[in-house]
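Subject: Structure handover

Hello,

Here is the structure I promised to pass on. Please open it alongside this note, and I will walk you through what turned up.

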Amino acid sequence: MSTSQIAFLKGHGTENDFVIVPDPGNAIDLPASAVARLCDRRAGIGGDGVLHVVRSAAHPEARAMAGEAEWFMDYRNADGSIAEMCGNGVRVFARYLQRAGLVEEGDLAVATRGGVKKVHLAKAESVSGSAAGDITVSMGRAQFPREGVTVTVDGRSWPARNVNMGNPHAVAFVEDLDHAGDLFREPPYSPASVYPDGVNVEFVVDRGERHVAMRVHERGSGETRSCGTGACAVAVAAARRDGLDPSVTGAPVAYTVDLPGGRLVITEHPDGEIEMTGPAVIVAEGHIDPALLAQRSPLS
């Protein structure tokens with residue numbers, strides 16, 4: 001661990017917030033314990049996760065993607081665990097690259113553990129704060145594993161659609177979002193064997209035609225204000241429930257998804273590609289005292 005101060009920024013996408021650690025050469029050691037301290041909302045900076053910004057060529061997990069994408073989003077959940085993808089995180093990651101002068105508006109490729117994601121930064125008068133244009137991310141195609149689960153909260157149970165967006169989701173349509181409970185802990189589901197590594201659980205209600213609202217428990221982070229891959233999973237699950245499949249009709253299908261932290265628009269195209277459009281904002285920057293990353297928990 002370097003003894004010099006470490007730069008960081010703080011950003012959010014529909015209030016799904018992240019600590020951003022620029023590290024082009026992959027020189028900063030970020031074990032799970034250090035990530036958890038950074039994300040601690042009382043003793044650290046606070047966030048739903050960490051966006052470790054690394055050149056693809058400098059990271060062993062991303063070198064094979066370096067020819068397609070210069071930058072790798074080494075994403076970590078708030079508890080320090082590694083995640084394949086984070087849809088809101090990709091937008092905030094792209095906004096950081098734009099703010100740092102590393103990319104311009106237009107098209108961009110970002111390497112993730114879920115593959116290379118195509119990003120489009122809309123033109124805007126300013127790239128500071130909310131004046132910046134929305135960012136669209138190509139999120140890949142949804143997979144629908146056959147086996148679903150039953151989710152149970154406070155004596156109520158619902159069938160949940162199994163959707164994989166590069167990470168696993170269980171989507172349950174409910175009568176009232178309050179039925180999801182506090183979402184501090186992962187809601188119980190069965191059979192547990194369907195998700196051996198845990199799952200993101202979405203609870204969804206209808207708001208209108210092709211318009212839904214959701215709450216989510218994110219694996220490794222608890223309830224968050226927004227989840228991009230979760231919004232995509234919810235939109236495609238709602239479309240299939242409503243009898244809409246772009247691969248059959250030949251026409252794109254768009255759903256508006258309201259989350260506690262804001263609104264996303266999810267569009268599924270006839271080729272299966274899913275696009276997510278929404279805001280991304282950088283709100284602060286500063287330096288991390290290396291001692292924070294080096295300290296041990298008093299319980300360890």
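Let me begin with Asp 154, which lies in the loop between β8 (149-153) and β9. Helices (H or I, at least four residues) and strands (E, at least two) are DSSP runs, numbered from the N terminus. Although Asp 154 is not a glycine, its phi is positive, at about 50 degrees. Asp 154 counts as exposed because its relative accessible area is 67%; the cut-offs are under 20% for buried and over 50% for exposed, with partly exposed in between (1.4 Å probe, protein chains only).

Some background before going on. This is a predicted model, in which local features need pLDDT of at least 70 and side-chain atom pairs count only at pLDDT 80 or more, while totals for chains, interfaces and linings use all residues. Residues are numbered from 1 along each chain as its sequence is written, and side-chain values use heavy atoms, with hydrogens and water left out.

Leu 183 also has a positive phi without being a glycine, here about 60 degrees. Its place is the loop between β10 (168-173) and β11, and Leu 183 is buried, with a relative accessible area of 2%. Further along, Ser 190 and Pro 191 are joined by a cis peptide bond with omega of about 0 degrees. Pro 191 sits in the loop between β11 (189-190) and β12.

Now the rings. There are three aromatic pairs in the structure. Trp 158 and Phe 203 make one that is edge-to-face, with 5.8 Å centre to centre and 80 degrees between the planes. That pair links distant parts of the chain, as Trp 158 is in strand β9 (residues 156-164) and Phe 203 in strand β12 (residues 200-208), 45 residues apart. Both Trp 158 and Phe 203 are buried. Tyr 189 and Tyr 195 form another edge-to-face pair, at 5.5 Å and 85 degrees, and both of these tyrosines are buried. For pairing, rings of Phe, Tyr and Trp (its six-membered ring) need centres within 6.5 Å; planes under 30 degrees apart count as stacked, over 60 as edge-to-face and the rest as tilted.

A cavity is a set of points on a 1 Å grid over the protein atoms alone where a 1.4 Å probe fits but cannot get out, and lining residues have an atom within 4 Å of a point. Grid points are joined across faces, edges and corners, and a volume is the space filled by probe spheres set on the points.

The largest cavity has a volume of about 80 Å³. Its lining comprises 13 residues, and Asn 77, Met 85, Asn 167, Asn 200 and Glu 218 lie nearest the centre. Both β4 (71-77) and α3 (228-241) supply at least two residues of that lining. The second largest cavity holds about 40 Å³ of space, and its lining residues include Ala 235, Val 253, Tyr 255 and Glu 268.

Finally, Ser 56 is in the loop between β3 (49-55) and β4. Ser 56 counts as buried because its relative accessibility is 0%. Leaving aside neighbours within four places in sequence, its contacts (heavy atoms within 4.5 Å) include Arg 63, Trp 71, Phe 72 and Ala 111.

Happy browsing, and do write back with any questions.

Best wishes

Terms used
1 Å grid on protein atoms, 1.4 Å probe; cavity = no way out; pocket = protein on both sides within 12 Å on 5 of 7 lines; lining within 4 Å.
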